[in-house]
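Dear colleague,

I am passing on the structure below, together with notes on what was found in it. Please read them alongside the coordinates.

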Amino acid sequence: MKESEKLHTLRRREMVETLKKYGIADQRVLDVFQRVQRHLFFDVDATDLAYNDGAYPIGFGQTISQPYTVAFMTALLVERSPFGKVLEIGTGSGYQAAILEALGYCVYTIERIFELYERAEKLFSRLCLNIICRGGDGTLGWVDEAPFDGIMVTAGAPAEPELLMHQLAEHGSMVIPVGNADSQQMMVITRDGDTFRREVFQQFTFVPLVGREGWNDTVF
Ligand code: SAM
């Protein structure tokens, strides 16, 4: 193994220890965080920063989320919908989608910024990841592929997006941060027939979900 790879492996181990310290306990989640190489989702000149527990800019005013945030949302999903078909809204760097793929989900992901979608699609192909992606407004969901056992929204929504909720399979769960532009509450919305059960967790700060059932793009 090359020296740089050894260093990345070591730094990943430290990142996983930090996640444990912050309360991430699901072994399936910790294992994929050890396996998936986060530095591959960074520009080559920034790979040194890949295993810090922080968000990082990926261009176009967007970010790759903090590892703790990704782990927290992934654990919420895995505990409720451990397998099947998952839709991610907000591909960004592609890291969250790669984490879901490593967990064995059949992953669909949508990104509204075309350049980020193109970059992620090329990366998935280069890394031979079995992830299906497209560009567009993810708040509309992916009608042709619905229903989904899980939906993960990785941008801050102003309200619960109805169209996405109705693309959940029976007992499927959506993990989504909902709130104002500065702070959002992490929620899990689980479908039970025509009704939806809600669980509420701690506050996070995300870039905005922009689209028909998100924020208006003239605001940002
Ligand atoms: N999951 C990403 C990752 O692992 O790098 C991080 C996502 S970043 C915090 C949020 C992303 O959501 C941005 O790339 C943004 O362009 C995208 N986004 C915002 N609104 C969207 C929408 N309506 N549909 C699809 N993507 C959207």
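**Notes on the model**

Leu10 is partly exposed, at 44% relative accessibility, where buried means under 20% relative accessible area, exposed means over 50%, and partly exposed lies in between (1.4 Å probe, protein chains only). This is a predicted model, in which local features need pLDDT of at least 70 and side-chain atom pairs count only at pLDDT 80 or more, while totals for chains, interfaces and linings use all residues. Residues are numbered from 1 along each chain as its sequence is written, and side-chain values use heavy atoms, with hydrogens and water left out.

Leu10 belongs to helix H1 (residues 3-21); helices (H or I, at least four residues) and strands (E, at least two) are DSSP runs, numbered from the N terminus. Between the C-alpha atoms of Leu10 and Gly135, which are 125 residues apart along the chain, the separation is 35 Å.

**The sheet and its helices**

The model contains an open sheet of 7 strands, in the order S5-S4-S3-S6-S7-S8-S9 and with mixed pairing; two strands pair if DSSP finds at least two bridges between them. Strand S5 (131-135) and strand S9 (195-204) are the edge strands, each of which pairs on one side only. From one strand to the next, the twist averages 15°, with axes taken as lines fitted to C-alpha atoms (for helices over the stretch in contact) and angles running from 0 to 180 degrees between N-to-C directions.

Strand S4 (residues 106-111) runs parallel to S5 and is joined to it by 5 bridges, and within this pairing Val107 has Ile131 of S5 as its bridge partner. Helix H4 (residues 95-102) packs on the sheet, where it touches strand S3 (85-89), S4, S5 and strand S6 (148-153), and its direction makes about 170° with that of S4; contact here means heavy atoms within 4.5 Å. Helix H5 (residues 114-126) also packs on the sheet, touching S4 and S5, and its direction makes about 160° with that of S5.

Helix H4 is largely enclosed by the rest of the structure, because 7 of its 8 residues are buried. The buried residues in H4 are Tyr95, Gln96, Ala97, Ala98, Ile99, Leu100 and Glu101. Just after H4, Gly104 takes a positive phi of about 95°.

Strand S7 (168-179) is likewise largely enclosed by the rest of the structure, since 9 of its 12 residues are buried. S7 pairs with S6 in the parallel sense over 4 bridges, with Gly150 standing opposite Ser173 in S7. S7 also pairs with S8, in the antiparallel sense and over 7 bridges; the two form a hairpin with 4 residues between them, and Val175 has Val188 in S8 as its bridge partner.

A further hairpin is formed by S1 and S2, with 2 residues between them, and Phe60 in its turn has a positive phi of about 60°. Strand S1 (residues 56-59) and strand S2 (residues 62-64) run antiparallel and are joined by 3 bridges, with Gly59 opposite Gln62 in S2.

**Two buried polar residues**

Thr190, in strand S8 (residues 184-192), is buried, with a relative accessible area of 6%. The side chains of Thr190 and Ser173 are joined by a polar contact of 2.8 Å, that is, a pair of N or O atoms within 3.5 Å, of which, within protein, one must be able to donate a hydrogen and the other to accept it, and residues adjacent in sequence count only if both atoms are side-chain atoms.

Gln167 lies in the loop between helix H6 (162-165) and strand S7 and counts as buried at 7% relative accessibility. The side chain of Gln167 reaches the backbone oxygen of Leu140 at 3.0 Å. Not counting residues up to four places away in sequence, Gln167 touches several others, including Trp142, Pro147 and Phe148.

**The ligand**

The ligand is surrounded by 28 residues, of which the closest are Glu88, Ser93, Glu111, Gly138 and Val210; a residue is near a molecule if one of its heavy atoms lies within 4 Å of it. A backbone N or O atom of Gln96 lies 3.0 Å from an oxygen atom of the ligand, a polar backbone atom of Arg112 is 3.2 Å from a nitrogen atom of the ligand, and a backbone N or O atom of Gly138 lies 2.8 Å from a ligand nitrogen atom. The ligand taken alone exposes 600 Å², and the protein buries 99% of that, with accessible areas from the Shrake-Rupley method and a 1.4 Å probe; for residues, only the protein chains shown count as cover.

With best regards
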